[in-house]
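Hello,

Here is the structure I promised to pass on to you. My notes on what turned up in it follow below.

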Amino acid sequence: FELASLPAVCDVAVKDVRRRHGLVSLANLERSMNDFTSLFRFKSWADAELLEALGAIDAASHPAEHKTAVRTVNHLHVVDQIFRGHLQGVPHGFEATNTPHTPALDELRQSVGAVDDWYVRYVDSLGEAHLAEEVRFTFTDGEAGRMTRQEILMHVLTHGGYGYAKEFHVERYLRESLVGRIAPVSPQMILCFIAEKVLGLPKSY
């Protein structure tokens, strides 16, 4: 095993784990239905606040930035709808994680509110025993996936906060924290890699 291949190994391994098991399962998260009810009510409130703030932006003065912001929120909304379909076991109707057109802000606000309300009702009616049920589905890129209902709900909650987005380095932090579990390296090899590649120290092996 070559240390130089460590980042590539981590990328492949983390992607594989995501595809087969769902990202949040790695954290071994356990949530009660009371937790989910509170969290999805908070999500509904936060989404409404975000869209209200977005509406205060002068779109005429900042057209590119406004469009990017709307499309970002629309992407989050599309993913919410995709996983709603997975939870219901029905087609979600999307071929990608965003729509070709950019919706008007008022249209987006109404649709987001309706989907948020659905999730609140869903977790209110879902029995705690059903959280561990496995749901099999197909990603928009055609690959097969499987997650428990609990994992899907946690994914929906964390996705809007860029739970593992590259832009905010959280994905890198996740990879680094899991290196010892998903790659055949020892803690000493990891420290040597960090010393040489990150800190610029001479090789010690």
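Is the crossing of H4 and H5 left-handed or right-handed? The crossing of H4 and H5 is left-handed (the near helix is turned anticlockwise from the far one by less than a right angle; clockwise would be right-handed). Helices here are DSSP runs of H or I with at least four residues, numbered from the N terminus.

Before the rest, a word on the source: this is a predicted model, where local features need pLDDT of at least 70 and side-chain atom pairs count only at pLDDT 80 or more, while totals for chains, interfaces and linings use all residues. Residues are numbered from 1 along each chain as its sequence is written, and side-chain values use heavy atoms, with hydrogens and water left out.

**H4 with H5**

H4 and helix H5 (residues 149-159) pack at an angle of about 150°, and their axes are 13 Å apart (axes are lines fitted to C-alpha atoms over the stretch in contact, and angles run from 0 to 180 degrees between N-to-C directions). That makes H4 roughly antiparallel to H5 (angles over 145 degrees count as such, and those under 35 as roughly parallel). Tyr119, Tyr122 and Val123 of H4 meet Arg149, Leu153 and Val156 of H5, where contact means heavy atoms within 4.5 Å.

**H3 with H4**

Helix H3 (residues 63-88) packs against helix H4 (residues 105-125) at about 30°, with the axes 10 Å apart. This makes H3 roughly parallel to H4. H3 passes H4 in a left-handed crossing. Among the residues making the contact are His66, Val70 and Asn74 of H3 and Leu105, Trp118 and Tyr122 of H4. The contact of H3 with H4 divides into eleven nonpolar, six polar and three charged residues (nonpolar is Ala, Val, Leu, Ile, Met, Phe, Trp, Tyr, Cys and Pro; charged is Asp, Glu, Lys and Arg; the others, Gly among them, are polar).

**The loop between them**

Asparagine 98 sits in the loop between H3 and H4. Its side chain has a polar contact of 2.7 Å with the side chain of asparagine 74 (N or O atoms within 3.5 Å, one able to donate a hydrogen and the other to accept it; residues adjacent in sequence count only if both atoms are side-chain atoms). The side chain of asparagine 98 also reaches the backbone oxygen of arginine 71 at 3.0 Å.

**A salt bridge**

Aspartate 124 and arginine 41 meet in a salt bridge (3.6 Å, N to O), defined as a side-chain nitrogen of Lys or Arg within 4 Å of a carboxyl oxygen of Asp or Glu. Aspartate 124 lies in H4 and arginine 41 in helix H2 (residues 33-55), so the pair ties together parts 83 residues apart in sequence.

Best wishes

Definitions and conventions:
Helix = DSSP H or I, 4+ residues; strand = E, 2+ residues; numbered from the N terminus. Parallel < 35°, antiparallel > 145°, perpendicular 65-115°, else oblique.
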